[in-house]
Amino acid sequence: MKKATIRTDRYFITGDVDKRIYGSFIEHLGRAVYEGIYQPGHPQADEKGFRRDTLALVKELNVPVVRYPGGNFVSGYRWEDTVGPADKRPARAELAWNVIETNEFGLNEFADWSKLSGSEIMMAVNLGTRGVDDARNVLEYCNFPGGTYYSDLRKQHGYAEPHNIKLWCLGNEMDGPWQIGHKTAEEYGRLATETAHAMKLLDPSIELVACGSSNGGMKTFGEWEATVLDHAYEDIDYLSLHVYYDNNQNNTPEFLAKNLDMDDFISTVVSICDYVKGKKHSKKQINLSFDEWNVWYHSKEADKLITPWSKAPHQLEDVYNFEDALLVGSMLITLLKHCDRVKIACLAQLVNVIAPIMTSDTGAWRQTIFYPFLHASTLGRGKVLTTLVDAPCYSAGKFDCVPYLDAVITEDEENESLTVFAVNKDLEEDMEVSCDLRQYEGYQVARHIVLTNDDMKAVNTEAAPNTVAPHENGVSKMEDGCLQAVLGKHSWNVIVLKKVK
């Protein structure tokens with residue numbers, strides 16, 4: 001059995017956890033909206049057409065913010081098409097995903113749904129086919145109290161009070177040639193700063209996210225960030241990062257190591273932000289919004305068979321397996337380890353489309369990746385202790401030294417609790433883990449949650465929704481102020497310690 005040590009100190013703090021790090025994403029794509037969160041006539045639909053079964057699972061995840069309406073979709077988005085009487089709204093050919101968008105569900109419906117789900121809105125503006133004027137108009141519609149054309153239009157549509165949306169994305173993946181209205185870094189940087197300036201004149205209380213690179217493999221990565229920030233540094237608040245990982249080679253050890261790539265991606269972007277800060281002699285710090293991240297590859301072959309210009313087809317419907325849940329757990333640990341700079345993150349997406357929640361006409365269920373996200377969102381609040389791991393390593397693919405153990409510790413001072421999140425990546429052996437916690441006198445193990453399965457490819461389905469599900473029979477204890485735990489082979493672990501009074 002391998003052995004590993006976790007080292008931490010209650011006075012060495014990485015940072016506070018911004019609850020928005022547990023955000024998610026709903027795009028007008030596939031069945032995320034239609035048949036996902038909204039399905040009038042469904043037995044579980046309420047009077048507005050929102051599915052109660054989906055809402056219950058979203059509330060269970062405790063998602064604090066949801067990005068909307070895209071994604072690639074936003075670069076052709078006409079928000080005016082989505083408000084007012086539903087029977088007057090035009091259907092459009094949606095170019096990002098080659099489907100028909102009916103606009104039956106729109107901006108105000110999403111605001112209503114967000115209130116029911118307990119989530120704030122992270123709204124994106126179209127900087128692909130539109131620009132400054134459109135951005136200020138939709139902001140006026142959403143946030144201005146009244147007495148102007150667009151705020152009064154909102155009132156005519158039945159919303160007397162502003163939506164008061166405080167977080168806005170300045171477009172989406174504008175570095176990507178696949179994006180409608182794709183721009184160079186110079187073009188986007190100028191447009192982003194002009195749009196930001198206008199929006200903050202209208203509502204100085206908002207926060208703005210500028211587009212970083214679509215992924216770390218883009219040829220313009222690094223140069224894009226530096227150029228955009230050179231223009232927009234003083235006008236924006238966050239820079240975005242996106243990443244998706246796959247296991248197309250069916251190499252599980254290498255797949256489970258890919259959070260190391262995420263870690264390097266974050267560190268590199270932080271360095272670029274700080275370079276521009278120094279270059280400009282600025283006192284302002286730009287933080288990060290990792291507003292798209294997940295595993296995505298299972299559905300790509302099936303998506304090639306979708307008939308163009310259909311309505312709400314089964315697109316990007318990855319059926320996640322157990323090994324996907326392990327990597328998602330490690331990615332959550334990576335985000336927490338960078339909580340000093342990553343203040344917002346969005347698991348992409350929330351329902352049906354590369355999502356932790358799946359629906360059918362007869363039910364809704366939890367995918368395997370639901371559980372690590374649930375545990376982190378509900379138990380990973382407070383602050384992150386600087387967490388060092390001393391563990392054996394392995395090599396796989398491009399990764400030379402992959403620790404078998406990923407771990408991070410959060411402290412919730414208000415509730416006098418610690419949470420240890422840990423992934424044992426060893427496919428063959430259990431692992432003995434120790435952590436000196438004598439600084440936390442009187443703390444004892446209250447829970448040890450484990451997610452594991454003998455079959456790395458095991459999935460949850462509507463017929464068998466609990467094939468991969470957590471249990472609370474983990475083996476751990478406090479002994480003379482030291483946490484001693486056994487982490488089973490290939491397992492996600494959550495150890496909660498509470499102060500005994």
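Q: At roughly what angle do the axes of helix 3 and helix 4 cross?
A: The model is predicted: local features need pLDDT of at least 70, side-chain atom pairs count only at pLDDT 80 or more, and totals for chains, interfaces and linings use all residues. Residues are numbered from 1 along each chain as its sequence is written, and side-chain values use heavy atoms, without hydrogens and water. Helices (H or I, at least four residues) and strands (E, at least two) are DSSP runs numbered from the N terminus, and axes are lines fitted to C-alpha atoms, for helices over the stretch in contact, with angles from 0 to 180 degrees between N-to-C directions. The axes of helix 3 (residues 132-143) and helix 4 (residues 149-156) come within 7 Å, and they cross at roughly 50 degrees.

Q: Which residues of helix 4 make the contact with helix 3?
A: Contact means heavy atoms within 4.5 Å. Helix 3 brings N137, E140, Y141, C142 and N143. Helix 4 answers with Y149, Y150, S151, L153 and R154.

Q: How many charged residues has the contact of helix 3 with helix 4?
A: Ala, Val, Leu, Ile, Met, Phe, Trp, Tyr, Cys and Pro count as nonpolar, Asp, Glu, Lys and Arg as charged, and the others, Gly among them, as polar. Five residues of this contact are nonpolar and three are polar. The charged residues number two.

Q: Is the crossing of helix 6 and helix 8 left-handed or right-handed?
A: Helix 6 (residues 223-232) and helix 8 (residues 259-280) have axes 9 Å apart and pack at about 40 degrees. That makes helix 6 oblique to helix 8. A crossing is left-handed if the near helix is turned anticlockwise from the far one by less than a right angle, and right-handed if clockwise. For helix 6 and helix 8, the crossing is right-handed.

Q: Which residues of helix 6 make the contact with helix 8?
A: On the helix 8 side are I272, C273, V276, K279 and K280. The contact has five nonpolar, no polar and four charged residues. From helix 6 come E225, A226, L229 and D230.

Q: Which residues in helix 11 does helix 10 meet?
A: Helix 10 contributes A325, V328, G329 and L332. By class, this contact has six nonpolar, one polar and no charged residues. The partners in helix 11 are P372, F373 and A376.

Q: Which residues are closest to the centre of the largest pocket?
A: On a 1 Å grid over the protein atoms alone, a pocket is an open set with protein on both sides within 12 Å along at least five of seven lines, a cavity is a set of points where a 1.4 Å probe fits but cannot get out, and lining residues have an atom within 4 Å of a point. Points are joined across faces, edges and corners, and a volume is the space filled by probe spheres set on them. The largest pocket holds about 280 Å³. It is lined by 17 residues, and the closest to its centre are N72, E173, Y244, E292 and W296.

Q: Which strands each supply at least two residues of the lining of the largest cavity?
A: The largest cavity has a volume of about 50 Å³. V420, V433 and L483 are among its lining residues. The strands are strand 20 (417-424), strand 21 (431-436) and strand 24 (482-487).

Q: How many charged residues has the lining of the second largest cavity?
A: About 40 Å³ of space lies in this cavity. Its lining includes R67, E173, H242 and D291. Four lining residues are nonpolar and four polar, while the charged ones number three.

Q: Which residue does a cis peptide bond join to A348?
A: Omega of this bond is about -5 degrees. The partner is Q349.

Notes
Angles under 35 degrees count as roughly parallel, over 145 as roughly antiparallel, 65 to 115 as roughly perpendicular and the rest as oblique.
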